[in-house]
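Hi everyone, thanks for coming along. Please have a look at the structure on the screen, and then I'll walk you through it.

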Amino acid sequence: GINAEYGGHTKLKYRQVGQDTKEEITGKDFKRDLEEKERGSKRHRTDVKRSRAVPELPRDTLDQDEPFDSSSDDSSSDEDDTSELLAELARIKRERANEKQKQEAERATEAEKIRKETILSGNPLLKLGNGAGQNSDFNVKRRWDDDVVFKNCAKGVDEDAKNDRFINDTLRSEFHKKFMAKYIQ
């Protein structure tokens with residue numbers, strides 16, 4: 001096997017000819033090379049444009065059912081198309097902005113309506129005038145924790161306020177209290 005004491009890579013690799021050695025780089029004119037490459041790419045682009053240009057065909061080689069367009073200048077129609085597209089884009093943006101404003105206004109009115117309803121429903125005196133179908137009694141509503149098991153378990157709580165309501169605690173129920181008083185004490 002391989003012994004860990006021997007070094008694995010003990011020699012450095014040096015650049016060979018053609019791999020941009022120091023001697024090759026020092027003699028180069030990078031600016032001139034770049035300019036030559038740019039000129040070559042410009043020539044290539046103009047050759048591609050020329051090859052894309054549709055050659056002018058004589059009229060008798062065209063199909064009879066195709067309309068003949070004598071104007072070979074498509075730049076004006078392209079400009080017209082782009083101007084139409086830009087106008088339509090602006091119209092769509094305006095419509096979206098108007099729609100967004102309408103939605104914001106609807107949200108604001110809905111929020112204001114909800115706010116007014118909560119204010120009016122919070123005051124029982126304002127319900128008197130609207131008495132159509134609403135109960136206008138001023139009884140205090142029972143809290144959700146009125147009949148929980150361990151409420152008012154502290155010693156010395158007033159026993160005067162005895163109600164005949166059901167309490168879920170067997171030790172604090174009225175029956176249990178009466179039973180204990182009658183038979184145990």
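Let's start on the surface, where Phe175, Phe179, Tyr183 and Ile184 form a nonpolar patch with about 500 Å² of accessible area together. A patch here takes residues with over 30% relative accessible area and no salt bridge, joining like charges within 9 Å and nonpolar side chains (Val, Leu, Ile, Met, Phe, Trp, Tyr) within 5 Å. A salt bridge means a side-chain nitrogen of Lys or Arg within 4 Å of a carboxyl oxygen of Asp or Glu. Areas come from the Shrake-Rupley method with a 1.4 Å probe, and for residues only the protein chains shown count as cover.

Before going on, a word of background: this is a predicted model, where local features need pLDDT of at least 70, side-chain atom pairs count only at pLDDT 80 or more, and totals for chains, interfaces and linings use all residues. Residues are numbered from 1 along each chain as its sequence is written, and side-chain values use heavy atoms, leaving out hydrogens and water.

Is Phe175 buried or exposed? Its relative accessible area is 66%, so Phe175 is exposed; the cut-offs are under 20% for buried, over 50% for exposed, and partly exposed in between (1.4 Å probe, protein chains only). Phe175 sits in helix 4, residues 174–184.

Stepping back, the protein chain has 4 helices and 0 strands, taken as DSSP runs numbered from the N terminus (helices H or I, at least four residues; strands E, at least two). Of its 185 residues, 3% count as buried.

Finally, Asp20, in the segment before helix 1 (22–26), has a positive phi of about 55 degrees although it is not a glycine.
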